[in-house]
Structure formats: structure tokens, C-alpha cells
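Hi,

Here is the structure I said I would pass on. Have a look at it first, and my notes on what turned up follow below.

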Amino acid sequence: MPALIELHLEVTHGLPQVLPYYLHGLIHKLLGGQDTELGRALHGGGVKKPLALSWAATDEATAATWLLDRSPVRPWQRLKTKTKGPHLVCQLRLLDEGLAPRVLDQLARFLGQEFGESHPGGLAVLVRAVAAKPCPTYAELWAKADEAPAPAEIKLSFTSPTTVSASGQGWPLPIPRYVWNGLERRWNAFSPYPFDLRSWWETHLVCKNYKAQQALHPASRRESKEPGFTGWARFAFIEEATAHQRRQTAALATFAEYAGVGENRAFGWGVVRAKVR
């Protein structure tokens, strides 16, 4: 099943211009620094990468500067300690159910500790809290494909820069076959309940309308930026689409909230919210 782990961090040193890149590296050091096997598993390439990250900040300035979500919660209010630096919330979304206990155990070792690089240009954080959050199992999502009402359309909101890919080329647009084929491949890489809809997207699902704006996202230490998009897209079914096909697509839409869409999901790209109706 997918697993959702929330990590609360206080920045104690630095907010580099390429913050998402540094956060990505910091998380992998936390998880793989003392468990190299876990580190290799999380670095799996392409569609088989089992880790997607999303970031939120509790202050508007930090959120706006690095295109992070604005977190509605301030977990540090419950910790009875004052913090001085910006507050970040990281959600680790694991698609391989076997990795969750090891990830939780590794993160728990750093509770209350400072971690990172304190030299000029580096990033250091204090690990404030870590917790597992409830999320549906693959079996529950699969059952939804058989039991839920058949939807008429699905809306995906892309809350962080997103780029979908095909044949090695990235596209900063919500092109239906690239969005949904990628989700199906990712599902089939980790779920024991395989979908087989790839020949179906082209003829039975269309992008009804969308609103997208370019969003440049730093993804390297060299401060280069890659193009993506944020916004939303409504996907509608044509009349010939069966109720079962519609329900399967709805299950994948829910899965997208954990798996992410497109490239660079471990850098915080491709975070989506789904609305099925």
C-alpha cells in the first residue's frame, strides 16, 4: 500500500536559492546515510522510484519564494518550544509498502537533532516531529474501482511545478495520455492489482478544459531552472467509456495524490489534488 509520512523541520541555517534541491538531498542523507540499502531502494530510477516528496511552509514568504504549498497547520505550537527559523513540513509518500517501517525508524533516530550543512550556502534543519499518516491501501483503491459510482469527469489541480514526459522529452502541459499512462505505469510497478488501460486513454478520455501557467523550478545545485506548469485540468469521458473504466480512472486519480504526476517527484514536482465527480 502507499504510505504517507510527515516530517516537521525547523531551518536553523541557510535558505539557499535552490532550496528544493537541497531539501531533496537532505532527505536522502537522513534516510540513506546509515542504511545504504534503503538509500539505494529510494533512489530507484524512473517509474520505479518509490519516493515522492511534497513540501509546505508555515510562513507565506517562504512558501511563495520556492513555490511551496502554504501549510495550514503549525505543529510546533504543540511542542511547547519556541522556534526561530522557517518551519517546513515534508510529506514523504512511499509507494512500496515494505519501506515504510524502515523509513520511520530511520527518521525517528534524528528527532530533536540538527542535521545538514552549516557552512555558507548550506542548509541545516532541526528535526522537530515525525508521524505516519493514514492513507488508503492498494486493495482499498482497487475495490473503489469496482464499487464506487462511475464519475463523469475528474479534475486534477497541479499545486507544484509539473512536467509530464514521453519518449524522453518533457512537456509542461496536462496532456491526457502522458498524465494517465504515467500514473498507470507507476501503479503497476508497486501494486499487486494491475491496471491495463494504456490503449484506452487515447480514445475515451479528453482534456475538457484547463488553466496552466509556467512555473520554473530549481532542480540542481547550479541554480538552473527547469520549466513546468501549475494550474488545473478537467478530464472528461466520452459516452463509450464503460462504468468500470471510469471507476478505474477515478482510483488512479486518488492514487495520484500520493504518487505525484510526471518527472522529478522526489524534488517536490508533480504534487496534485484530485476531485472526482
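**What I found**

In this protein, residues 24 or more positions apart account for 76% of the contacts with a separation of 6 or more, a contact being heavy atoms within 4.5 Å. Before you read on: this is a predicted model, where local features need pLDDT of at least 70 and side-chain atom pairs count only at pLDDT 80 or more, while totals for chains, interfaces and linings use all residues. Residues are numbered from 1 along each chain as its sequence is written, and side-chain values use heavy atoms, with hydrogens and water left out.

The secondary structure comes to 8 helices and 12 strands; these are DSSP runs numbered from the N terminus, helices being H or I with at least four residues and strands E with at least two. Of the 277 residues, 52% are buried. For burial I used relative accessible area with a 1.4 Å probe and protein chains only: under 20% is buried, over 50% is exposed, and partly exposed is in between.

**Helix 4**

Helix 4 spans residues 100–108, and its buried residues are Ala-100, Val-103, Gln-106 and Leu-107. They sit on the same side of the helix because they cover an arc of only 130° around the axis, taking the directions from the helix axis to the C-beta atoms. As a reminder, an α-helix has 3.6 residues a turn, so residues three or four places apart point the same way. What do the buried residues of helix 4 pack against? Their partners are strand 1 (3–13), helix 1 (19–32), helix 2 (36–42), strand 4 (87–94) and strand 6 (124–133).

**Rings and charges**

There are 10 aromatic pairs in the structure. Rings of Phe, Tyr and Trp (its six-membered ring) pair if their centres lie within 6.5 Å; planes under 30 degrees apart count as stacked, over 60 as edge-to-face and the rest as tilted. One of the pairs is Trp-180 with Phe-235, which is edge-to-face at 5.6 Å centre to centre and 85° between the planes. Trp-180 belongs to helix 6 (residues 176–190) and Phe-235 to strand 11 (residues 225–237), so this pair ties together parts that are 55 residues apart in sequence. Trp-180 counts as buried at 0% relative accessibility, and Phe-235 is buried at 0% too.

Trp-187 and Phe-195 make a tilted pair, with 4.9 Å centre to centre and 40° between the planes. Both of these residues are buried. They also belong to one aromatic cluster, together with Tyr-138, Trp-142, Tyr-193 and Phe-255.

The charged end of Lys-155 sits over its ring, 5.2 Å from the centre, and the charged end of Arg-234 sits over the ring of Trp-232 at 4.9 Å from the centre. The test is NZ of Lys or CZ of Arg within 6 Å of the ring centre and within 35 degrees of the ring normal.

**A few single residues**

Ser-160 lies in strand 7 (residues 153–162) and is buried at 6% relative accessibility. A polar atom of the Ser-160 side chain lies 2.7 Å from the backbone oxygen of Gly-268. Beyond neighbours within four places in sequence, Ser-160 is in contact with Phe-229, Thr-230, Gly-268, Trp-269, Gly-270 and Val-271.

Leu-141, in helix 5 (residues 138–147), is buried with a relative accessible area of 2%. Leaving out residues up to four places away, Leu-141 touches Pro-136, Trp-187, Ala-251, Thr-254 and Phe-255. Leu-141 and Ala-250 are 109 residues apart in sequence, with 9.2 Å from C-alpha to C-alpha.

The loop between helix 8 (243–259) and strand 12 (272–276) holds Val-261, which is buried at 1% relative accessible area. Residues that Val-261 touches include Phe-158, Val-179, Leu-183, Arg-186 and Val-272. The C-alpha atoms of Val-261 and Val-272 are separated by 7.1 Å, and the two are 11 residues apart along the chain.

Asn-264 lies in that loop between helix 8 and strand 12 and is partly exposed, at 24%. Although Asn-264 is not a glycine, it has a positive phi of about 55°. Most residues other than glycine have a negative phi.

**Cysteines**

How many disulfides does a search of the whole structure find? The count is 0, with a disulfide taken as a pair of cysteine sulfur atoms within 2.5 Å. Cys-135 is buried at 17% relative accessibility, whereas Cys-207 is partly exposed at 25%.

Cheers

Definitions and conventions:
A polar contact is a pair of N or O atoms within 3.5 Å; within protein, one must be able to donate a hydrogen and the other to accept it, and residues adjacent in sequence count only if both atoms are side-chain atoms.
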